[in-house]
Amino acid sequence: MGVPEIEDAALLFVFGYNGADSHPIVARRIVRAKEKGAKIICVDPRIIETARIADIHLQLKGGTNLLLVNALANTIIEEGLCDDAFIQEHSTGFDEFKATIKKYTPESVEKQTQIPAEEIRKAARMYATSGRSMILYGMGVCQFGQAVDVVKGLANLAIMTGNLGRPSTGIGPVRGQNNVQGACDMGALPNVFPGYQSVADPAIREKFEKAWGVKLSGDVGITLTVVPHHVLHEKDPAKQIHAYYIMGEDPVQSDPDASEVRESLEKCDFVVLQDIFMNKTAQFADVILPATGWCEHDGVYSCCDRGFQKIRKIIEPVGDVKTDWEIISLISTAMGYPMKYTNTKEIWKEVISLCPGFAGATDEKIEKLGSVQWPCRDPSDSDTGTVYLHKGGKFANPDGKAKFFGTDWRPPMEMENKDFPLTLCTVREVGHYSVRTMTGNCRTLRNLEDEPGWVQISPRDAESLGITHGEIVRISNSRGSVLTRANVTDRVKKGAVYMTYQWWVGACNELTLGNLDPISKTPEYKYCACKVERLKDQKAAWDEVKRQYEELKTQMLIEKKEAAA
């Protein structure tokens, strides 16, 4: 699906996605859809902005995503709301899927999800009968130990109701970070080359080997989230990591169980960081390579809707910095493999020559159209890209059909308990972006909202703990302890607290755990156990927050840079 299609849907099913805080421009499309008469179903444990304009808000308990999705599918089947012709002609595995979800009636999941059965049934009917239902999902789906199963469960809903292969239908994974889509498109995954071409396929390897003049391994690599294990715990010498090259990432701030990440970086023999500012990870780097910022170079990136778009150099970089591609080329050449390009157009020409799905997205076509969505296979002007996938019910599987997938729910790894009675979920907010590598270096944004960040807590929990809004509190569990401010708000339910992960003081990833989805290897950022404590001496607490912040700013050279400016 394309982002502009959102506003023409008859129904938007927004699941675990807070567009107002994550992507305000996309969120505006949701508002426009509402203005055009679309129905909105919001699934989120908090009263987010989308919930305020929704026709139905399914305020589920965290960690119960698949219970709800299976119950929606159960209702659609039991009430005869399936698109039987679409299922018959364009899918496989429906009977096995039905057998799996038969037991997931709305009544059976009512207690665990904390959603009345009739509300689940009402939502299922609305989704199945609108004619043009579109699913938007975000990190509230992806950042769980059972994330991929839920994504497949959402796909089941679209397949069984025929909401695929037409305008303003389908499933939209609204990516969490800038250019996540592009990184995947370009092969920054352990199992594929650029263009999602398998490293295990000998013919594909041969193609890249011929183009690059090298021999390539057919072994699948590892994901970023398992690097600490391969540094700290891996016994097989062939699988141990001794050198780590980190580019445009701050794992000390963004990865779960930050203490383990720090330990792995300290133990790693050689760490290289390539970035535009100092960050927490830089403190562990043996070499720091300064790169240009977004307005200091040309390039191509992918939007969340698979659209290739160009970025253009606006200003000349200052100081001893180079573009990312120049740094990589120089290092490659120094290591014995000459890598020489004149500009990004040459690199892009190589990309589309090796990736059939991108072949038609020429530099000239992107320049002319502004955005070209892959697949785009024909370089001629007649192929302007693919706005939505699966047209005519044709899917990317060998038999051309969609596959139903049914599986049972399993709870998050770490449930609330006597010692840690609350659940912690990480979320985003508008004021700062990601891990604050950029926005934390902007004085204007810091003046609007600065450390130590907040923990959102319900009025009932705050009252029982004696906490008032704005006070510094301690939040802790078996992995760590941090100081942050209490945001007492009726947007959250009793028993759950929420922290944004961009704050350097009170970094919530000191608390999150490294339970990974077995397929995507994405951590379970959205669920772990914790406790919140009131601090009697607020002056001492604020003094400690200020001390930690000043120390971090010194380490990241922020005060030094601003004084020089």
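**Strands, cores and cysteines in a predicted model**

Tutor: Strand 18 and strand 19 form a hairpin with four residues between them. Helices (H or I, at least four residues) and strands (E, at least two) are DSSP runs, numbered from the N terminus. This is a predicted model, in which local features need pLDDT of at least 70 and side-chain atom pairs count only at pLDDT 80 or more, while totals for chains, interfaces and linings use all residues. Residues are numbered from 1 along each chain as its sequence is written, and side-chain values use heavy atoms, with hydrogens and water left out.

Student: How many bridges join strand 18 to strand 19, and do the two run parallel or antiparallel?

Tutor: Strands of a sheet pair through backbone hydrogen bonds, either parallel or antiparallel. Two strands pair here if DSSP finds at least two bridges between them. Strand 18 (residues 472-476) runs antiparallel to strand 19, and five bridges join them.

Student: In which sense do strand 17 and strand 19 pair?

Tutor: Strand 17 (residues 454-457) pairs with strand 19 in the parallel sense, over four bridges. There, W454 has R485 of strand 19 as its bridge partner.

Student: How many residues of strand 19 are buried?

Tutor: Buried means under 20% relative accessible area, exposed over 50%, and partly exposed in between (1.4 Å probe, protein chains only). Strand 19 (residues 481-488) has six of its eight residues buried, which makes it mostly covered.

Student: What is the strand order in the sheet of five strands?

Tutor: The order is 3-2-1-5-6, in an open sheet with parallel pairing. Strand 3 (56-58) and strand 6 (170-173) each have a single partner strand, so one side of each is left without a neighbour in the sheet. From one strand to the next, the twist averages 15°. Angles run from 0 to 180 degrees between N-to-C directions, and axes are lines fitted to C-alpha atoms, for helices over the stretch in contact.

Student: Over how many bridges do strand 1 and strand 5 pair?

Tutor: Strand 1 (residues 11-15) and strand 5 (residues 133-137) pair over five bridges, in the parallel sense. F15 stands opposite Y137 of strand 5.

Student: Which strands does helix 4 lie across?

Tutor: Helix 4 lies across strand 1, strand 2 (39-43) and strand 3, and runs at about 155° to strand 1. Helix 8 also packs on the sheet, touching strand 1, strand 2, strand 3 and strand 5, with its direction at about 125° to that of strand 3.

Student: Helix 8 contains R121. Is R121 buried or exposed?

Tutor: R121 has a relative accessible area of 16%, which means that R121 is buried. A polar contact is a pair of N or O atoms within 3.5 Å; within protein, one must be able to donate a hydrogen and the other to accept it, and residues adjacent in sequence count only if both atoms are side-chain atoms. The R121 side chain makes such a contact with the side chain of E107 (2.9 Å). Leaving aside neighbours within four places in sequence, R121 is in contact with T75, E79, P106 and E107.

Student: Which residues of the largest nonpolar core touch the most other members?

Tutor: In soluble globular proteins, nonpolar side chains tend to be buried together. A nonpolar core is a set of buried Ala, Val, Leu, Ile, Met, Phe, Trp, Tyr and Cys residues joined through side-chain atoms within 4.5 Å. The largest such core has 47 residues, and F13, F15, L68, L154, L157 and M160 touch the most other members. Helix 4 (residues 65-78) gives the largest share of this core, nine residues. Apart from this core lies another, of 27 residues, including V261, I472, L483 and M556.

Student: What is L154 in contact with, leaving aside its neighbours within four places in sequence?

Tutor: L154 is in contact with F13, F15, V69, I135, Y137, V141 and I171.

Student: How many disulfides does the count come to?

Tutor: A disulfide is a covalent bond between the sulfur atoms of two cysteines. The rule asks for a pair of cysteine sulfur atoms within 2.5 Å, and the count comes to zero. For C42, the nearest cysteine sulfur is that of C425, 13 Å away. C42 counts as buried, at 0% relative accessibility.

Key. Contact means heavy atoms within 4.5 Å.
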